[in-house]
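Visitor: Could you take me through the aromatic rings here, slowly, as I'm new to this?

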Amino acid sequence: MPNRSKYFYAIGLSYKKADAEVRGHFSLSDTAKQNVLAQAKQNGIESILLVSTCNRTELYGFAEHPFQLIQLLCDNTKGTVEEFQEVAYVYKNKEAINHMFRVGSGLDSQILGDFEIISQLKFGARASKKAGLLNSFTERLLNAVIQASKRIKNETELSSGATSVSFASVQYIMNNVAQISKKNILLFGTGKIGRNTCENLVKHTKNSHISLINRTKTKAEEVAGKFNLVVKDYKNLQEELNASDIVIVATGAENPTVYKSLISTDKPLLVLDLSIPKNVNDDIREHSNITLVHLDDLAKITDDTLEKRKTYIPAAESIISEIMAEFNAWLDTLKFVPTIQAIKHKLTDFKNSEFNTQRKKLADFNEDQAELITNNLIQKITNQFAHHLREDSNTSDESIELIKKIFQLENTQNV
């Protein structure tokens, strides 16, 4: 790691221990992300990378103690430190590196093999770099994770078949609603999940009664145009909710956009909430005709596709091991750089001292010639040490200690 007093941490929470409501408390909006970066800079954090999706919020960064990163997260979200500690994970150094590889390659996703997260990691890295908060270690690590992700995609079928939250929602509708092609479907929200759901709806339900509503109408019209669907005005949301048989909510609001008082219909209404934080208030369950299904319920739907994907886990892990070994080898070479530099300085001190002696002794001392010869010798000697440490990574720690003793390099800091 770049500095002895700083460790590389991955801190965060995910669907594994935190339900949708708790994940919503720690969700980082774009503004909150900017605030975290600004605060990190003020606090002297050297490198930090943020990820916040519907399934996880994570910070990867350098700190003396993980609490520095936890504090950044809690200061800029609705979440508290106590709540975080109940559901969180904290990984350090090699474990943190390993975690980023698993996350970036879809092995840690709520739906196995979902590679959406890799673009979130890239986006986070771009924002950090812009803020001057991405050091060479984190950048190199992310590039290794991207490489692993690409190879897993190309060399295994870990992400084969159509399995995603949007697909799972359409699958749920088809399994639970009779005569689906005759039902009125309303899609509220046309962000990424909304668009994907829309595509799956059109493809699988053969339904021509699908309406779209979005706060920004032009965005809904773009999606509608692609699939030849109807767009309704946001101001008519209440009317459209009550005219529907199925409502899919995929908005990105901070607070619920659908709630009990908007509903006045008596006919059965299925509501699917694909948003984090939740955008449908639980109080709509008080209407006996309403069935509310949330993202977390949908993720439990496993099908043959997921079972098939599990068989590719060993192949994916093998690719990760290979690329992680290369990254760790690079990391190990960083370990002895300060020692090699210290040897060079020590030998240069010996040389300068000897030059002073020879200047006094020899009237015709050829300083230029001596400089050339001794510099070449110093370079050859340091190269020998570097070669030994690079080749013998198993005992490099012991070798470094021995070299320090021999050359009396007491104050050299290695990572």
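Guide: Let's look at the ring pairs, then at charges over rings. This is a predicted model, where local features need pLDDT of at least 70 and side-chain atom pairs count only at pLDDT 80 or more, while totals for chains, interfaces and linings use all residues. Residues are numbered from 1 along each chain as its sequence is written, and side-chain values use heavy atoms, leaving out hydrogens and water.

A pair of aromatic rings is described by the distance of the centres and the angle of the planes. Rings of Phe, Tyr and Trp (its six-membered ring) pair if their centres lie within 6.5 Å; planes under 30 degrees apart are stacked, over 60 edge-to-face, and the rest tilted. Searching the whole structure turns up eleven aromatic pairs. In one of them, Y89 and Y91 are tilted, with 5.6 Å from centre to centre and 35 degrees between the planes. Y89 is buried at 13% relative accessibility, while Y91 is partly exposed at 30% (buried means under 20% relative accessible area, exposed over 50%, partly exposed in between, with a 1.4 Å probe and protein chains only).

Now for F355 and F365: their planes stand at 85 degrees with centres 5.5 Å apart, so this pair is edge-to-face. F355 belongs to helix α14 (residues 313–361) and F365 to the loop between α14 and α15 (367–391), so the pair ties together parts ten residues apart in sequence. (Helices, H or I, of at least four residues are DSSP runs numbered from the N terminus.) F355 is buried, at 5% relative accessible area, and K351 lies over its face, 5.5 Å from the ring centre. Likewise, the charged end of K92 sits over the ring of Y7, 4.1 Å from its centre. That label needs NZ of Lys or CZ of Arg within 6 Å of the ring centre and within 35 degrees of the ring normal.

Notes. Helix = DSSP H or I, 4+ residues; strand = E, 2+ residues; numbered from the N terminus.
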